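Look first at the sequence and the structure, then read the points below.

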Amino acid sequence: MGNKIKLGVIGDPIDHSLSPLIHSQFGEELGINLEYMPYHVVDSELDNFIKNFFANGGFGLNVTLPHKLNCIRSADILSSEVELLGAANTLSKNSNNQIIASSTDGLGLIRDCSEKKIEITNKRVLILGAGGASQSIIPAIARMNPKMLMVDNRSIQKTEKLLEKFSSFELQPLQRNNEPIDLLINATSAALSGPFDWNIQQQLNEGTVFYDLNYGIASAKFFSWASQFSRKRFDGTGMLVAQAAFSFESWFDTFPNINNINLSSADD
Ligand code: ATR
């Protein structure tokens, strides 16, 4: 047995991250001897941690909340997607020991939609929320050429900022009319604080696909609201696994099998 390849995920908090479980299964499947650890890192230690990790033999890191924005300060090279978003979820090292920041969330969502036969091209798509989660998927969805890509958010100021930031992607505010929404993506954390509700019911019907970026138990309230309109409901588990697979691919140049991942042992 040689040395294990050192990978990990950094966040604050980090206890509930499913990334270690996912990546260890990718490694087993492909026979790669890796060690993937969760690291609790606070903001004031972020830059030091990242630089020390890579200086001491670390091979790759995933980055989760609240570090997706600030981690790019520690990188030497930003992918074009990271330049666009101002946020990253994957760090790797090149042969010159430079740290490269990339973002796989958008790719993960698109891949999961394709696995689930959720159509985006030529469809009317509405994203709820204007925070980091929402922003990370907007360019990737826009590149699929939806008929219309709209965003709606509780606070209008944040919607306006987003419309400006992504004006080249033809992002629009919610158009209130009789045209049904084909795909509704929940990128808010609203269901964490109470029952989920959004004043859009006249544009939802049994053809609408509901997709939550949250997953597991955190999707219960969104699903229960969505169930009055449609049976086509998906949580963010598939996207979680797919974005992990794209990170894995950025480290090992191999896209792992995403269909046999078992997340049940982390279900607490
Ligand atoms: P993330 O990085 O997960 O996107 P965030 O940046 O804190 O987290 O964004 C959370 C999103 O959920 C925001 O769009 C927020 O709306 P505001 O911009 O108005 O704050 C939205 N959100 C959170 N709680 C909400 C609630 N109870 N009702 C509606 N939207 C809510």
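The model is predicted: local features need pLDDT of at least 70, side-chain atom pairs count only at pLDDT 80 or more, and totals for chains, interfaces and linings use all residues. Residues are numbered from 1 along each chain as its sequence is written, and side-chain values use heavy atoms, with hydrogens and water left out.

**Helix packing**

- Two packed helices are described by the angle between their axes and the distance between the axes.
- Axes here are lines fitted to C-alpha atoms, for helices over the stretch in contact, and angles run from 0 to 180 degrees between N-to-C directions.
- Helices (H or I, at least four residues) and strands (E, at least two) are DSSP runs, numbered from the N terminus.
- α1 packs with helix α8 (residues 237–252) at an angle of about 55 degrees, and their axes are 10 Å apart. α1 and α8 are therefore oblique to each other.
- The α1 and α8 crossing is right-handed; that term applies if the near helix is turned clockwise from the far one by less than a right angle, and left-handed if anticlockwise.
- Helix α4 (residues 105–115) and helix α5 (residues 132–142) have axes that come within 7 Å and cross at roughly 55 degrees. α4 and α5 are therefore oblique, and their crossing is right-handed.
- α4 also meets α8: the axes come within 7 Å and cross at roughly 125 degrees. That makes α4 oblique to α8. The crossing of α4 past α8 is right-handed.

**Ligand site**

- Which residues come nearest to the ligand? Of the 14 residues around the ligand (a heavy atom within 4 Å), they are A130, A133, N153, R154 and S155.
- By class, this shell has four nonpolar, eight polar and two charged residues. Ala, Val, Leu, Ile, Met, Phe, Trp, Tyr, Cys and Pro count as nonpolar, Asp, Glu, Lys and Arg as charged, and the others, Gly among them, as polar.
- K158 places a polar side-chain atom 3.1 Å from an oxygen atom of the ligand. A polar contact is a pair of N or O atoms within 3.5 Å.
- S189 has a polar backbone atom 3.1 Å from a ligand oxygen atom.
- S193 has a polar side-chain atom 3.5 Å from a nitrogen atom of the ligand.
- The protein covers 71% of the 650 Å² of accessible area that the ligand has on its own (Shrake-Rupley method, 1.4 Å probe).

**Backbone exceptions**

- Most residues other than glycine have a negative phi, and most peptide bonds are trans.
- The D12 to P13 peptide bond is cis, with omega near 10 degrees. P13 sits in the loop between β1 (5–11) and α1 (19–30).
- The L65 to P66 peptide bond is also cis, with omega near 5 degrees. P66 lies in the loop between β3 (58–63) and β4 (77–78).
- N122 is not a glycine, yet its phi is positive, about 70 degrees. N122 is in the loop between α4 and β7 (124–128).

Terms used. Polar contact = N/O pair within 3.5 Å; in protein donor to acceptor, adjacent residues only side chain to side chain. Parallel < 35°, antiparallel > 145°, perpendicular 65-115°, else oblique.
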